[in-house]
Amino acid sequence: MTKLGSGKARTALAVSAVAVLGVVAACGSNDSGPGTSGETASKVEINRQAAGDITSHGGAKRLSGDQTQAIAESIQRSKAKNVILVIGDGTANQELTLARNYQWGAGGQIPGIDQLPLSGDYTTYALDKNTKKPDYTTDSAASGTAWSTGTKTYNGAVGVDVNGKAQRSILEIAKANGRKTGNVTTTELQDATPAVQVAHVAQRKCYGPVETKEKCASDALGNGGLGSITEQLLAARADVTLGGGWKSFQQTADAGEYNGKTLEVQAKERGYQIIRSGAELDGVTEANQDKPLLGVFADGNLPRLWGKATATKGGGKEPAVTCSDNPEFGATPKLGALTKKAVDLLKGDKGFFLQVESGSVDKANHDADPCGQIGETVQLSDAVTAALEFAKKDKDTLVIVTGDHAHTSQIIETGSDTPGLTRTLNTKDGGLLTVNYGTSLDPGEEQHTGGQVRIAAYGPGAANVVGVTDQTDPFFYITDVLGLDRDKK
């Protein structure tokens with residue numbers, strides 16, 4: 001067997017790399033031609049499960065033969081009719097590895113996510129508002145603003161640059177170009193990641209008119225601003241908007257055309273179809289600019305799929321736990337179902353842009369809750385699977401999957417303890433896995449970290465994710481892939 005470090009192996013790898021890069025160069029910018037259509041990539045099936053018994057020679061390998069042709073067939077023409085951007089909030093490689101090990105086994109694959117043919121990493125730093133220098137650990141507002149508008153900004157900023165100037169989002173540009181648009185999340189619709197596509201405020205907590213007057217007064221409608229995040233969401237008028245955050249719709253506008261009316265009443269007067277349950281969602285058959293859909297399934301964030309198993313000081317030496325369902329989830333629609341419904345309502349001749357977020361991977365990470373975190377990664381997997389199933393049939397859809405920033409969870413040696421918080425889990429393999437949270441001793445206060453984050457893709461334009469890029473890059477290649485005029489109003 002040839003060692004990977006040998007000259008022959010290095011030469012073979014180099015030749016394969018050149019072959020793939022040659023295909024990128026030849027096909028990356030073509031819009032048509034043999035071997036560059038969506039039909040070729042739709043035939044590519046990526047299986048990244050271990051080959052067999054992981055204790056045997058070759059049993060842990062994930063590749064089945066040479067991958068050059070499979071990768072080449074994934075490099076398609078550079079224009080697409082639809083783009084689905086799927087975000088795992090706070091989901092970097094540690095979070096993906098933790099979920100894979102627990103739910104699917106060390107040699108298993110995360111459905112959808114691990115089946116994307118092309119991947120890379122992107123840098124996620126934000127900017128310091130005062131010095132304008134890099135802030136190496138971003139939050140969800142700055143990171144979301146980066147990919148949605150192509151502009152770096154300060155932590156807490158939603159859709160504005162480091163000087164407070166509004167930056168147009170992919171969703172706004174897609175709508176101006178006649179495409180249908182959607183925004184789906186498991187968090188409050190006013191939370192940073194969904195907000196960056198529809199709002200422009202100086203501070204991410206400006207959910208409704210009340211908070212806006214207190215936290216970012218210059219953005220309030222009464223002061224000549226664009227209004228709170230919820231008010232801007234309604235004005236942005238995506239065709240499909242699904243998530244949580246109903247309590248903010250109960251606030252009352254204090255200025256503008258709808259002064260004195262609740263934001264719920266405003267939504268109705270603007271023509272929105274408002275639904276509050278999965279059963280109602282099942283009955284919706286159309287969503288468009290005449291009848292945009294607003295589905296709000298919780299007062300705050302949607303409940304997490306799995307119950308809590310909070311890490312503790314010295315918890316790595318306590319008996320291992322097995323994750324279980326969260327009884328509070330109940331009839332809450334799952335993210336995979338929300339994604340599929342959004343796609344069904346958006347697909348058609350116009351083409352669409354859809355952003356989907358599994359937002360509570362991050363929130364469970366903050367809580368030092370590995371079970372809650374893994375369960376929301378399962379939801380992320382379900383969403384990607386739904387998007388990928390559509391893309392493979394449609395043959396004209398780019399699917400991009402990434403996280404917005406790295407987080408604190410770490411897989412550590414089983415049975416060990418650390419100065420942080422730990423919890424040991426029983427895994428799919430029948431083994432033990434210990435998770436550490438080391439940025440705080442208080443659950444609920446764990447912090448983001450500054451590592452680069454994986455980004456993967458399938459479909460026309462997928463080659464743009466390969467290698468190391470920046471978090472601002474998706475704005476540019478998504479709008480280019482869709483053929484959008486970024487200046488069109």
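Six bridges join strand β5 (residues 180-188) to strand β10 in a parallel arrangement, two strands being taken as paired if DSSP finds at least two bridges between them, and V184 has V356 as its bridge partner in β10. The structure is a predicted model, in which local features need pLDDT of at least 70, side-chain atom pairs count only at pLDDT 80 or more, and totals for chains, interfaces and linings use all residues. Residues are numbered from 1 along each chain as its sequence is written, and side-chain values use heavy atoms, with hydrogens and water left out. Strands here are DSSP runs (E, at least two residues), numbered from the N terminus.

Strand β10 (residues 352-358) also pairs with strand β1 (residues 82-88), again in the parallel sense, over seven bridges, and L354 in β10 is the bridge partner of I84. Seven of the seven residues of β10 are buried, that is, under 20% relative accessible area with a 1.4 Å probe and protein chains only. In a regular strand the side chains alternate between the two faces of the sheet. In β10, F352, L354, V356 and S358 are buried on one side, and F353, Q355 and E357 are buried on the other.

Note on methods. Buried < 20%, exposed > 50% of the residue type's maximum accessible area, 1.4 Å probe, protein only. Helix = DSSP H or I, 4+ residues; strand = E, 2+ residues; numbered from the N terminus.
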